There are 2 protein chains.
Amino acid sequence: MTLLVAITGWEVEPWLDRFRRLLPDRRVVASGEPFDPAEIRYAAAWKHPPGAFASLPNLRAIFSLGAGVDHLMNDPALPDVPIARVVDDDLTNRMSEYVVLHCLMHLRQQRLYDRLQAERRWWDDRHQPAARDVRVGIMGLGVLGQDAAMKLRVMGFDVAGWSRSPRSVEGVATFSGSEGLDAFLARTDILVCLLPLTDDTRGILNASLLGRLARDGRLGGPVLINAGRGGLQVEADILRALDEGTLKAAILDVFEREPLDPASPLWTHGGVTVTPHNAAMSAPDAVGAAVAEGISRMESGLPLRHRVDRSRGY
Amino acid sequence: MTLLVAITGWEVEPWLDRFRRLLPDRRVVASGEPFDPAEIRYAAAWKHPPGAFASLPNLRAIFSLGAGVDHLMNDPALPDVPIARVVDDDLTNRMSEYVVLHCLMHLRQQRLYDRLQAERRWWDDRHQPAARDVRVGIMGLGVLGQDAAMKLRVMGFDVAGWSRSPRSVEGVATFSGSEGLDAFLARTDILVCLLPLTDDTRGILNASLLGRLARDGRLGGPVLINAGRGGLQVEADILRALDEGTLKAAILDVFEREPLDPASPLWTHGGVTVTPHNAAMSAPDAVGAAVAEGISRMESGLPLRHRVDRSRGY
């Protein structure tokens, strides 16, 4: 059997190297190289060239190399084979590092203290809130959302979560569905978005949602952290909410178009932190091993794990 | 009985208010106000005027209002009564917020990404280390050090600790005494100093110590976080180590003299983060309650908790 690696936007060589080391008895080809379509049994994909999987008669499964599978679902020529999301501790830990870092940055007002340092000003405010005074709300309670919730709780934050269908997470107040959204937003000082991008969630971070966040919090206005997908956010609405004071700050790892256009006002807005879609980067070492394990399971007749429900889109 | 509140450097009114609400049947006076020395039974102190406790014939105990008691020990006229350190969950949690924040800032290279944002540069480096690749070493394994160690472990860091006498902390490699210091430093990428200030520890963060930190780490040079006491550090040595590349960055919450002199080069050095001794601020609400509980215990004939060993100085 042969593994087809179809990647755009990332360096492909480290992935090919990793798969060749992990699967020494099998052939590993990159899309664009010559190969016989009939020999491809598995595909590993990140933003593959659309149509790349359309005419592979013996394809048995596609593995997404990053969190999220919207890059696959957007391909109208995607064949009807099982798709697996990557679920990897390394990826999960990195996402939680990012989320906890930026929640603490705002809790501890590090941006303010950086400005005071630049002015050589010693200002020891004795009224800063503790973590327990700050309500973090996580949208999306899959593996990533649950891990971030646990770590934020350990740090002392008051954590709630929202998901499409009801979920129970220890120590976390959970809300679900459109009927639970208002109550969730009304108690949220820092909104952390880790939702998958689907037809239902596209553009969900818009003026209407931002306007429903808590106004009575201890941070001087709500903070948005989006480390999910750029398609979840309406950047014009975020900028307007910042300018109108509906939002105090936005930490964005993802954008409507990536890389972010150098002309975007997000780069220079004082309330915005831009990171280059690296909150939780797929490392070939860890993610490659997860894919190799998935292939080995299928070859042994075991069911595919972390299989995507195509009707839900994630 | 009367409680004497002796504070300099902080606003005293919130403390007096808090104690008066907590101890409605007792008198609470501030140093500087008129009172009969014989009526003082307890004292609550933060950087008290030296000698303030010298002639109080009925003084039974002194409570320090902040972490650390060096401000008391420096008073040659300190009477020989029991001294209690404040141990308070709120103070402990705040210190850990600060430590975890600054460890994550360096793990995730947030200062670098801030600079890239200012240049509108999208640079998604796929080779950044994970928390498990970064070795944090905590000097001081009291209540604060142990809590920070636990939270850093939850975030995935590789954590070790050093203390004067041997300590055992779950999941943490521990080193002790001068014989354990070299091995501890040699495996430390981020050094977190939470030591008490005593004759033994004064100036311990000097050129010799900084030169023994790990040179083979994943952060591009060792990082120092001092949230203990300014007297632990030799600021000229820290600046030289930064300039010579022995140290990559220093995050300092405390200084040889506070407030930090506006002329200090620490304010403007690119490798230094200055915060105004607010890593773990004593909040009158929480700390006042801990002192009131300590007084109540003594009045009931129970032993004082968190009592200072004056021979060790902490």
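Visitor: Which rotation, in degrees, superposes chain A on chain B?

Guide: In this predicted model, the superposition of chain A on chain B has an RMSD of 0.0 Å, with 0.0 Å of shift along the rotation axis. The two copies are thus related as by a two-fold rotation axis. The rotation that superposes chain A on chain B is one of 180 degrees.

Visitor: Which residue of chain A comes closest to the rotation axis?

Guide: The distance in question is taken at the C-alpha atom, and for the residue that comes closest among those of chain A the value is 2.9 Å. That residue is Leu101(A).

Visitor: Why do the copies meet through the same surface?

Guide: The contact takes 58 residues from chain A and 58 residues from chain B. The copies meet through the same surface because the interface residues of chain A are also interface residues in chain B, the share being 100%.

Visitor: What is the area buried between chain A and chain B?

Guide: The size of an interface is often given as the accessible area lost when the parts come together. Carbon and sulfur atoms give 56% of the area buried between chain A and chain B, and that area is about 5,000 Å².

Visitor: How many salt bridges are counted between chain A and chain B?

Guide: A salt bridge here requires a side-chain nitrogen of Lys or Arg within 4 Å of a carboxyl oxygen of Asp or Glu. Asp90(B) and Arg132(A) form such a pair, their closest N and O atoms being 3.0 Å apart. Between chain A and chain B the count is six salt bridges.

Visitor: Which helix of chain A gives the most residues to the side that touches chain B?

Guide: Helix 3 (89-107), helix 4 (110-118), helix 5 (143-154) and strand 12 (272-274) of chain A each supply at least two residues of the side that touches chain B. The residues of this side of chain A divide into 30 nonpolar, 13 polar and 15 charged. The element that gives the most, with eleven residues, is helix 3 of chain A.

Visitor: Which strands stand at the edges of the open sheet of five strands in chain A?

Guide: This open sheet of chain A has the order 2-1-3-4-5, with parallel pairing. Within the sheet, four bridges join strand 3 (residues 40-46) to strand 4 (residues 61-64) of chain A, and Ile62(A) in strand 4 is the bridge partner of Ala43(A). Each edge strand has a single partner strand, so one side of each is left without a neighbour in the sheet, and these strands of chain A are strand 2 (27-30) and strand 5 (83-84).

Methods. Residues numbered from 1 in each chain as written. Chains lettered and ligands numbered in written order. Predicted model: local features only at pLDDT ≥ 70, side-chain atom pairs only at ≥ 80, totals over all residues. Heavy atoms only, no water. Contact = heavy atoms within 4.5 Å. Buried area = accessible area lost by both parts, 1.4 Å probe. Nonpolar A, V, L, I, M, F, W, Y, C, P; charged D, E, K, R; others polar. Least-squares fit on C-alpha atoms with pLDDT ≥ 70 in both. Pairing = 2+ DSSP bridges.
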